[in-house]
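Subject: Structure handover

Hello,

Here is the structure we talked about, with notes to follow. Please keep it open while you read.

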Amino acid sequence: MTASPAKDRTVPVLALAFAAVALLGAMAPGWLVFLMQISLANGLVVLGVMVQMRAGLVSFGQGLYFCLGSYAAGMAGSFFGITDAFVLLLLGILVSVAVAAVLGLQMARYREIFFAMLSLAFSMVLYGLLVKAEVLGSTDGFNVPNATFLGYAPSGDDLQLAAFLLTCVICFALAVAIHAYLHATMGYIGDAIRQNEVRVEFLGVSVERAIHLKYVIAAAISGIGGVLTAIAVGHVDPGLAYWTTSGEFVFVALLGGTGNIAAPFIGAFVLEFVRTYAFEYSPETWQMVLGATMLAVILFLPGGLWSLTKKWSRARERRES
């Protein structure tokens, strides 16, 4: 059951959470800032996956738009000398939305495994093209010039902090926007499509148009995540579109859950920290650790990590009653 607007504290809690993350980034060592920045950027892509999952669609090709956003930023900086972060973000959105608007016309006709496999196929087509593109560095990719911010060109730790704070602001703004969308008519239509799309059609709503819109929205968010990743890492390569990258986004969506817009970011943070420490302390078996973590979540928390909040809420209500 969805909380009423009067009881919905998602936005103020998000504001406090992102403010705390930003404050931590201002004081944390560089490696931790980088880890949090990558987690936030990946969380945006997973947020796009979640938007589609709310409509019963699982995209195994979200790396397509993650890669397009990254390459749009990288090519603009390397070949055209465009380094302003805000311009790069706009370019990433435009490229991702333009491609999604076209491919979405076909994607909106498919459901279930056919949707998943077709999305994966489109992503792998991009991967194959980039691998063969020697001008773009082929399998090695190419480096991305340092970003600037409205004429301000920081370097070193200042550059990392500026990029991190920008990532925090963008993630918060998009999380609030998607929260509003999911609680609007078009957002609820996604839930209705997942349950019974035939009835949605009888109500006079075009299911294909609704899915097409969600597909484009998810692409735009993923493109932004790609741009932020390119700025943070300073390098792009075809692996951004590879199937393992897209699979990881689905992994995080399942890990965090789909019950709240905060879940993708929680899942992304948990994955990055588990992977980092698993690789440090068990470099030979770190993938086994990730697999065991996912298996534990599926067995004990089938609704993802976010389902813990519901259990805590029910336990508190029982104590109060």
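Predicted model: local features only at pLDDT ≥ 70, side-chain atom pairs only at ≥ 80, totals over all residues.

Residues are numbered from 1 along each chain as its sequence is written, and side-chain values use heavy atoms, with hydrogens and water left out.

Helix packing

Two packed helices are described by the angle between their axes and the distance between the axes. Helices here are DSSP runs (H or I, at least four residues), as are strands (E, at least two), and both are numbered from the N terminus. Axes are lines fitted to C-alpha atoms, for helices over the stretch in contact, with angles running from 0 to 180 degrees between N-to-C directions.

Helix H2 (residues 30–53) packs against helix H6 (residues 156–182) at an angle of about 25 degrees, and their axes are 10 Å apart. H2 and H6 are therefore roughly parallel to each other. That term covers angles under 35 degrees; over 145 counts as roughly antiparallel, 65 to 115 as roughly perpendicular and the rest as oblique. H2 passes H6 in a left-handed crossing, meaning that the near helix is turned anticlockwise from the far one by less than a right angle (clockwise would be right-handed).

Contact means heavy atoms within 4.5 Å. On the H2 side, the residues that meet H6 include Phe34, Met36, Gln37, Leu40 and Ala41. On the H6 side, those that meet H2 include Phe164, Thr167, Cys168 and Cys171. The residues of this contact between H2 and H6 divide into 19 nonpolar, four polar and no charged. For these classes, Ala, Val, Leu, Ile, Met, Phe, Trp, Tyr, Cys and Pro count as nonpolar, Asp, Glu, Lys and Arg as charged, and the others, Gly among them, as polar.

Two residues of this pair deserve a separate note. Met36, in helix H2, is buried, with a relative accessible area of 3%. Buried means under 20% relative accessible area, exposed over 50%, and partly exposed in between (1.4 Å probe, protein chains only). Met36 and Cys168 are 132 residues apart along the chain, yet their C-alpha atoms are separated by 9.5 Å. Leaving aside neighbours within four places in sequence, Met36 is in contact with Val21, Leu24, Gly25, Phe164 and Phe269. Thr167, in helix H6, counts as buried at 0% relative accessibility. With neighbours within four places in sequence again left aside, Thr167 is in contact with Gln37, Leu40, Ala41 and Leu228.

Helix H9 (residues 243–256) and helix H11 (residues 286–300) have axes that come within 9 Å and cross at roughly 40 degrees. H9 and H11 are therefore oblique to each other, and their crossing is left-handed. Phe251, Leu254 and Leu255 in H9 meet Leu290, Met294 and Val297 in H11. This contact of H9 with H11 has six nonpolar, no polar and no charged residues. Not counting residues up to four places away in sequence, Phe251 touches Leu271 as well as Leu290 and Met294. Phe251 and Ala268 are 17 residues apart in sequence and 9.4 Å apart in space, C-alpha to C-alpha.

The axes of helix H3 (residues 63–80) and H5 come within 8 Å and cross at roughly 35 degrees. Gly63, Leu64, Cys67, Leu68 and Tyr71 in H3 meet Phe122, Ser123, Leu126 and Leu130 in H5. By class, the contact of H3 with H5 has seven nonpolar, two polar and no charged residues.

Other residues

Leu57 is in the loop between H2 and H3 and is buried, with a relative accessible area of 4%. Its C-alpha atom is separated by 7.0 Å from that of Phe115, 58 residues apart along the chain.

His212 lies in helix H8 (residues 207–233). A polar atom of the His212 side chain lies 2.9 Å from the backbone oxygen of Ala101.

Most residues other than glycine have a negative phi. Ser138, in the loop between helix H5 (112–132) and strand E1 (142–143), has a positive phi near 50 degrees. Leu150, in the loop between E1 and H6, has a positive phi near 55 degrees. Leu150 is exposed, with a relative accessible area of 69%.

Regards

Note on methods: Polar contact = N/O pair within 3.5 Å; in protein donor to acceptor, adjacent residues only side chain to side chain.
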